[in-house]
Each structure stands twice: as structure tokens, then as C-alpha cells.
Amino acid sequence: MPALPRPASGPGSRYTARAALTRPRPTSARHRTDAAALTRALTARDLWITAMVHEHRVLTTPQIARIAFNSQRSAQRRLRTLHQHAVLDSFRPLTQHGSAPEHYTLGPTGVSVIAAHAGCEPAALGWRPTSTGRIAYSPSLGHDIGVNELLTHLAAPTPSATHGRLTVWLSERSCARRWDDMIRPDAYAHWHNPTGTDTESPALLPFFLEYDTGSQPLPRVEAKLVGYAAFTTSTNTRPALLIHTRTASRDRALRHRLAQPARDLGLYVATSSADFTTHTPWGPWWAPLEPPARRTTLTGLTIHWPDLVPANIDPTDADTPLTLPIPPRPPTAPGL
């Protein structure tokens, strides 16, 4: 097979072109793909995981374990069961070094389950038998995994309640569905700290996320600011714009390039990089562009920008069960 392109940088840069090593299903389980037959087997958490995988296209075992299970081993067992029932598909990309975790996408039975819950035909989900392969070989795989890695860390329970939690998480696809005429961020989310700080309580940080892998030239990144400024003006809202980069050097370059345009446009922009945020993205790693601002926590940004206003994501007549936001944490139910 000829070599396929891979991202130049970011989490997917180490993936080789032979991306899809699809895990086969046991022969005895291949016939058990009827959604109705699984009504007694699928828990509320299973249904939530299925909806999340559909919403965010691809999630790895550690990412799902982080937000939905107490341990990776229990996550592996349950995800293996969902895979055997074709609720989820999976593949494991080959890497230049070490091994990649299992990557989960929506399976054929999962399509039927979600469509049944939404009261629509499976075709409305846009799923095809080739969907998993297209995701596995997509040049944007590393970017998508990077976005989900950052936000699942924010959605997971933190060591201390004072760190806050993610209460809203819209995928790139959901953002495009709502705002594609003006902006197309990689995600929109709400970071909520119910305990607040010593001076403010509680704290809410509504933000758009731009996950920058370094593949786009700086002028193209700068050009996106005009769209965000138009959005805040036309909607009378003011979410922050967080730009997460791959390295500290890229972070410095972006800050030098964007500081004046952001100031001229009246945007609230903060940057950070993977050199700082690994495993603790809620920590004091985010630096507003306004000098002489220092790096602070996500909660600290709400103090730095006291007049933040969330984007309107309330349901409209145009929304369907398939387009409504999915909570970034699973439901609490017996047996979870």
C-alpha cells in the first residue's frame, strides 16, 4: 500500500500511514448486532459513550476511561463488549515508536441505537461502513485526538474541587452547524468553578478553542480573529478564545503576531502549549495576550476578564435530538 500523508506535527505526527489495524469481532458475536436485542444490555453510560463517540468522531480508550470510568481496566472491559456487539468500531494506529491506544468510532449497531433514540432514520447520522477507515487514515486524525485529549482532561474529575470542571462541550461539527457562517472553532466549552476564588464565586469561563498544531501559517491564524470579532458583535456575547499550541516557541510566535490585532478587535485571547498543559490543562498555564498579563488558571481568566458572556446554545426550532449538546460527563445511574 502506498504511503498516506500524516500530520506534520502534533499527536498524530507519529502515526504511520498504515493507520487502521481494525480489531476483528469474534465469530460468535457477529450476529448479535440487532439494536432491539441490546435493550436490556446497554446501560445509561453505554448510551452516553455511544453518543459521545458519535459527537466527537473518535475517542481513545484512555480518553473514555478518563471521563466515564474509575479505571482503565474497567473501561477496556466494557469497551470490548460494546465493540463485540458492533455498538462501537475500533482501530489501533501503527506508530513510529511504542504503541497507540485503541481508537473508538461509531459502529453499525451504535448508529441504529442513536437513530432510535433520536426518532430518525440511521441515514440521518451520515454514517457509512467506510466511516471508520476514513477517520483512521484522515490527515486530521492527530489534530482531532489532540482536541479530545485536552478537553477530556478538563471534563474528568479533578484532584480538587477547587479546580472546577467542564460543563458544556460542543464538538467542531456542532460548532460548524451553529456558527459556520462566521466561525469554525475546534470546540466550544464552559469551564465552571462552583467554589470560585478568594475574591469571586462562582466562576464561569465560556470559551472557543483553537487547537493549533503549527501546520497553518501565522497570517492564516490571525485572519480567524476577524470572524470571532464579528461573532461577538453580531451576537452580543463575549466568550474567550483559547489557543492551544504544540510548543512554547510556537506559543511565543502566535503571541507576538496576535497581540495587536486582538487588542484592536476587542477580543479576549489567551494562549498556552502542550509544553505546559500536559495532564493539567486547568492549571496556571494560560497567558492572556494583554501585557503585562502573566500565566494563570482557567478560573483565573474569569477574574482577568470579568465581563465574559457565554454564546447562546439554547435549543431552537431548528434543533433535533441529534444536534442538542451532550453533557461532558456520563449520567449517574445504578451500576455505573
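How many residues does helix α6 have, and how far does it reach from its first C-alpha to its last? I looked this up first, in a predicted model where local features need pLDDT of at least 70, side-chain atom pairs count only at pLDDT 80 or more, and totals for chains, interfaces and linings use all residues. I noted that residues are numbered from 1 along each chain as its sequence is written, and that side-chain values use heavy atoms, without hydrogens or water.

**Entry on α6.** I found that α6, residues 141-155, has 15 residues and reaches 21 Å, close to the 21 Å expected at 1.5 Å a residue; the expected span is 1.5 Å times one less than the number of residues. Helices here are DSSP runs of H or I with at least four residues, and strands are runs of E with at least two, numbered from the N terminus. I then saw that 14 of the 15 residues of α6 are buried, so the helix is largely enclosed by the rest of the structure; buried means under 20% relative accessible area with a 1.4 Å probe, protein chains only.

**Entry on the sheet.** I traced an open sheet of six strands in the order β4-β5-β6-β7-β8-β9, with mixed pairing. Its edge strands are β4 (165-171) and β9 (287-288), each pairing on one side only; two strands pair if DSSP finds at least two bridges between them. β4 runs antiparallel to β5 (residues 187-193), and six bridges join them.

**Entry on the whole chain.** I recorded 11 helices and nine strands, and of the 336 residues, 50% count as buried.
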